[in-house]
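This report describes a structure through its chains, helix packing and selected residues. The sequence and the structure are shown first.

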Amino acid sequence: MPASRSEQNVTVRLVVNDRAHELEADAGETLLATLRDRLGLTGPKEACGEGECGACTVLVDGGPVASCILAAGSTNGRAVRTVEGLAGAGDLTTLQQAFVRHAAVQCGYCTPGVLMVLTALLEKVSEPTEAEVRQALAGNICRCTGYQQIVEAAVDAARAVAS
Amino acid sequence: MRFCRVRSVAEAVDELSRWGTEGRILAGGTDVMPQYLRGEQSPAVLIDISGIDGLGGISDVGGVTSIGALVTMRRLATASLIALRHPALSQAAAAVGAWQTQTVATLGGNICTAAATADTLPALLIADAQLTLVSKSGRRRIGLEDFLAGSGATALRPTELLRAVELEPLGERSSEGYLKVARRSAMDLAVVGLALRLDVAPSGVIDGVRIAMCGGDQSAHRVSAAESALLGTRLSDDPGAFGEVGAVLADAVGSAALPEAQYRRRVLPGLFDRLARRCAGEIAGAGA
């Protein structure tokens, strides 16, 4: 946030990973800044800062959004899920386990965003095809894996969830 | 800067009237927020309309499709009524950014931001889109083509809010679609985009043509010269007519257009050919 501009506050009540919060955000504050700097949830990452790369992806009311360009004030009354909300009591989700099995993580910077968009896909489509997985991933850039292991992990997880 | 959350259209137009040019409407924010974060926009207040009930509906009003300004790209891309009655719009919405963009980006935002390359605009133009604008002093209706006034410029007054868009659905012996050329197949702006609606008489003669383009000039627009070139030709026996129309479309790329006008002229005939064959095939396949 440019320090030179004066910002008034806006009250935001939202639920993040099943916990209710009420906080004061700056008027132009992004949801990503709120999550990372006010709530300590550093899973979502800032890379491009322009909504182009998907590293900051979180789910708002079940749909994937680029939290780096979403106004925190617009999320009032909404439910947000971050990668921290996936593994319940320490147990990885089926998708996360597939990522481990398929070595779908290298540097890991894109992983929280990729997991969230694929989580949304698996919740909406019971057994997505490889083409649907690739389509869902179109907004997430990974510079390490070439996407192949990510796609294989997602397809594998989809099968496991469906069976 | 302030953040002002409004809950109704009445509250929204009150705030717009209070702030005038100092206020900026925030819906999905996929254009407004990056502009603000880059320091290109410094409004005194962001007027957040995303929580207004009643602007997020898709309905049939006496045979006309009415779409609320807050309907998202994702909804347009997945709604069965839109796929059935406005396939070009469905395809255009699916071509905007990626899923993350489509979750929050709204139809009203795409219209009012009025980018020269906005994907939904050609699809709306071939459905003769009529916009309803509201302000404290009342409402007015305006056709989309008259509303668009150059790249990023529209006839929207600072005190007005776009409330809904009305569209003329596809006819029975009709087909339509949207295709774009971009550097990447997703998460990219159109270099140029085309929407086509074809109506075909039982005799096989094309008796209705609407063609609209984005990226070919400062605003998306209908291309009447190309429409005339196709009107009255037969659907099946003269694919050569498509080549002629492609050449007319290439000529329609404005000299004052965006960079790469030459490239746009070059790709337009091929883009039109693909789109026209697809639409013609759909009509033929439907037993025309």
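## Basis and a loop residue of chain A

In this predicted model, local features need pLDDT of at least 70 and side-chain atom pairs count only at pLDDT 80 or more, while totals for chains, interfaces and linings use all residues. Residues are numbered from 1 along each chain as its sequence is written, and chains are lettered from A and ligands numbered from 1 in the order in which they are written.

D61(A) counts as partly exposed because it has 13 C-beta neighbours inside 10 Å. The term rests on C-beta atoms placed from the backbone: a residue is buried if 20 or more other C-beta atoms lie within 10 Å of its own, exposed if 12 or fewer, and partly exposed in between. D61(A) belongs to the loop that joins β3 (57–60) and β4 of chain A. Its phi is near 50°, which is a positive value in a residue other than glycine.

The loop between β1 (9–16) and β2 (19–26) of chain A contains D18(A). D18(A) counts as exposed, since 8 C-beta neighbours lie inside 10 Å.

## Overall form of chain A

Five helices and five strands make up the elements of chain A; helices (H or I, at least four residues) and strands (E, at least two) are DSSP runs, numbered from the N terminus. Their order from the N terminus on is β-β-α-β-β-β-α-α-α-α. Chain A is as compact as a globular protein of its length, because its radius of gyration is 16 Å, close to the 15 Å that the globule rule gives for 163 residues. The radius is taken over C-alpha atoms, and the rule is 2.2 Å times the number of residues to the power 0.38.

Along the principal axes, the C-alpha atoms of chain A fill a box of roughly 50 × 30 × 25 Å. Buried residues account for 46% of the 163 residues of chain A. Of the contacts in chain A between residues at least 6 apart in sequence, 60% join residues at least 24 apart; two residues are in contact if their C-beta atoms, placed from the backbone, lie within 7 Å.

## Helix packing in chain A

Helix α3 (residues 111–124) and helix α5 (residues 148–162) of chain A cross at roughly 35°, and their axes come within 11 Å. Axes are lines fitted to C-alpha atoms, for helices over the stretch in contact, and angles run from 0 to 180 degrees between N-to-C directions. The crossing of α3(A) and α5(A) is right-handed; a crossing is right-handed if the near helix is turned clockwise from the far one by less than a right angle, and left-handed if anticlockwise.

On the α3(A) side the contact consists of V114(A), L118(A) and L122(A), and on the α5(A) side of I150(A), A154(A), A157(A), A158(A) and V161(A). By class, the contact of α3(A) with α5(A) has eight nonpolar, no polar and no charged residues. Ala, Val, Leu, Ile, Met, Phe, Trp, Tyr, Cys and Pro count as nonpolar, Asp, Glu, Lys and Arg as charged, and the others, Gly among them, as polar.

## Helix packing in chain B

In chain B, helix α11 (residues 240–251) packs against helix α12 (residues 261–285) at an angle of about 140°, with the axes 8 Å apart. The angle makes α11(B) oblique to α12(B); angles under 35 degrees count as roughly parallel, over 145 as roughly antiparallel, 65 to 115 as roughly perpendicular and the rest as oblique. This crossing of α11(B) and α12(B) is right-handed.

Residues of α11(B) in the contact include F242(B), V245(B) and L249(B), and those of α12(B) include L268(B), F272(B) and D273(B). The contact of α11(B) with α12(B) divides by class into nine nonpolar, two polar and two charged residues.

## Contact between the chains

Chain A contributes 27 residues to the contact and chain B 26 residues. On the side of chain A that touches chain B, strand β4 (residues 63–66) gives the most, with four residues. That side of chain A has 12 nonpolar, 11 polar and four charged residues.

Q100(B), in helix α6 (residues 99–104) of chain B, is buried, with 33 other C-beta atoms within 10 Å. Leaving aside neighbours within four places in sequence, Q100(B) is in contact with G51(A), G54(A), T57(A), P64(A), V65(A), A66(A) and G139(A).
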